[in-house]
Amino acid sequence: MSTRLSVVMIAKNAADLLADCLASVSWADEVVVLDSGSTDNTVELARSLGAQVYSNTDWQGYGIQRQRAQDYATHDWVLMIDTDERVTPELKESILKVLDAPQRGVIYSIARRNYFLGRFMRHSGWYPDRLLRVFRRNGVHFTQSGAHEHIDPNGRTRELGGDILHYPYKHFREHLDKINSYAQQGADDLAARGKKGGLALGVLHGIGRFLRIYLLKKGFLDGKAGFINAVHGAFYAFLKYVRVDEGNWGFPYNHR
């Protein structure tokens, strides 16, 4: 008899994404959804589709929320996914093989295909975009630092066959909104660690990031989407380092 699997995800206002996501993992033994305060029908839809739904609106970052969600899982093995992701049939078969003969102390990574501006990115640092997603419930701990979540694995890593399909942005502006948010969190993290910022560093890091994404990561092979992504990456780096100095600019009036 195969080892049982808990699929775990965090969600907020994901009603338009949830049905396809849950359909791709309908073969799992349990689905746990931790809602972060949805105002649409995410909670009701998740329950109607058979998920175990919980709520925590004390948002402290993706890493913290993922750990909270994982703590609700009841089976020994976990597949962590997001509502804008889909498990391919090839990946499903790879996971089932793992569950047929689970290895203690092994954590599995999955390649992710990211959809951006009409295509799945194959370069630009976006593929294979491997993430640790299948593991024993006590084999991974999620934490948060600045804009980024971190995974503290306790074991050896292995690669799984098959991909996750990722649809992260419905509109062009959503990518810019995410960049703006991440840049602010990154700037706050740099400032908290006593790092310097400023215009010159912003320009240097912006140019460096563009060249890394577009040339070193072969973003030019992703066509128009690859170029736009490289520009957005440069903008992110520029904003992050400029904003570290923002507290020194001051306001010409008392802001209330």
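I started with glutamine 65, which is buried at a relative accessible area of 0%. Buried here means under 20% relative accessible area, exposed means over 50%, and partly exposed lies in between (1.4 Å probe, protein chains only).

The model is predicted, so I note its limits: local features need pLDDT of at least 70, side-chain atom pairs count only at pLDDT 80 or more, and totals for chains, interfaces and linings use all residues. Residues are numbered from 1 along each chain as its sequence is written, and side-chain values use heavy atoms, with hydrogens and water left out.

**Glutamine 65.** I placed glutamine 65 in helix α3, residues 62–70. Helices (H or I, at least four residues) and strands (E, at least two) are DSSP runs, numbered from the N terminus. Next I listed what glutamine 65 contacts, leaving aside neighbours within four places in sequence: Ile10, Leu34, Asp35, Ser36, Asn56, Asp58 and Trp59. Contact means heavy atoms within 4.5 Å.

**Cores.** I looked up the largest nonpolar core and found 32 residues. Such a core is a set of buried Ala, Val, Leu, Ile, Met, Phe, Trp, Tyr and Cys residues joined through side-chain atoms within 4.5 Å. Leu5, Val7, Met9, Leu79, Ile81 and Ile95 have the most contacts inside it. Among the elements that each supply at least two residues of this core are β1 (5–11), α4 (89–100) and β11 (156–166). Another core, of 13 residues, lies apart from it and includes Val8, Val32, Ala69 and Leu132.

**Helix pair.** I then checked α5 (residues 172–192) against α7 (residues 223–244). They pack at an angle of about 35 degrees, with axes 8 Å apart. Axes are lines fitted to C-alpha atoms, for helices over the stretch in contact, and angles run from 0 to 180 degrees between N-to-C directions. On the α5 side, the contact includes Phe172, Leu176 and Ile179. On the α7 side, Phe235, Tyr236 and Leu239 are among the residues involved.

Most residues other than glycine have a negative phi, and most peptide bonds are trans. I found a cis peptide bond between tyrosine 127 and proline 128, with omega about 10 degrees. Proline 128 sits in the loop between β7 (119–120) and β8 (131–136). Aspartate 129 is also found in the loop between β7 and β8. Its phi is positive, about 50 degrees, although aspartate 129 is not a glycine. At 22% relative accessibility, aspartate 129 is partly exposed. Asparagine 13, in the loop between β1 and α1, has a positive phi near 50 degrees. I noted asparagine 13 as partly exposed, at 32% relative accessibility.
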